[in-house]
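Work through the exercises below with the sequence and the model side by side, and try each task before reading its solution.

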Amino acid sequence: MEQYEETQQQVVELSQALVAKGFLMGTGGNISVRIPGQAAALAITPSNFDYTQMTAGDVCVLDGDLRLLAGARKPSIESGMHAAVYALRPDARVVVHTHQVTASAVALLGRPIPALFDEQVRFLGRSVELVAYAPSGTGWLKSRLAARLKNHCNAYILQNHGALVLADTPERALHNVELLEKCAAAFLLAYYTGERLTRIPAPIREIIFAKLRKDQKSEEL
């Protein structure tokens, strides 16, 4: 339907930009964008479909109960997880789930990424928290993620799975995915030296995080 076409196209363009940068491979991962003016409706990538071949008409549009509003294909198995983000985080307009390599390596350690850099705290949050393992596409995973979303961060590590990134625009989503990969790489390199990791001092971290929260509140519907 024409009313959703602009948002569907945003999903296509973001997906293909992530492919070009190596953050999406094959048919892994999924991307969604909230439908403007609607608190619950979202446009999301179809299940098991090549991103490089995807067009706006292939992107599925769902309401808050995951009923299909537009698109002829089967929506991503992780649609429930994306819907949970939009229900609990009114500041989020874009959700990206990737199997990006370095962040996925961190997902095998079972550890969060602490506050290592100012830029990380400014755009991703106090830390990149770990969401304990649950099978893909299950209510179990949705519930475990939902419990973490209350920390108001914009990036999460899904144990033995991958990463989840939130943003207010597709451009910021791409930036946040890239920033997460940088932080994951630095964390792994430092971690495997066996030396103690230094972190941003807590008072400074909170000042920087307050700027992120201010941005988020201005984006809430």
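**Exercise 1.** Determine how far the sulfur of Cys 183 is from the closest cysteine sulfur, and how many disulfides there are.

*Solution.* Begin with the sulfur of Cys 183, whose closest cysteine sulfur belongs to Cys 153 at 12 Å, too far for a bond. A disulfide is defined as a pair of cysteine sulfur atoms within 2.5 Å, and by this rule the count is zero.

The model is predicted, so local features need pLDDT of at least 70 and side-chain atom pairs count only at pLDDT 80 or more, whereas totals for chains, interfaces and linings use all residues. Residues are numbered from 1 along each chain as its sequence is written, and side-chain values use heavy atoms, with hydrogens and water left out.

**Exercise 2.** Explain why helix H2 is described as largely enclosed by the rest of the structure.

*Solution.* Helix H2 spans residues 79-88 (helices are DSSP runs of H or I with at least four residues, strands are runs of E with at least two, and both are numbered from the N terminus). Eight of its ten residues are buried, and therefore the helix is largely enclosed; among the buried residues are Met 81, His 82 and Tyr 86.

**Exercise 3.** Locate Asn 160 and state its phi.

*Solution.* Asn 160 lies in the loop between strand E7 (155-158) and strand E8 (162-167). Its phi is positive, about 55 degrees, although Asn 160 is not a glycine.

Conventions: Buried < 20%, exposed > 50% of the residue type's maximum accessible area, 1.4 Å probe, protein only.
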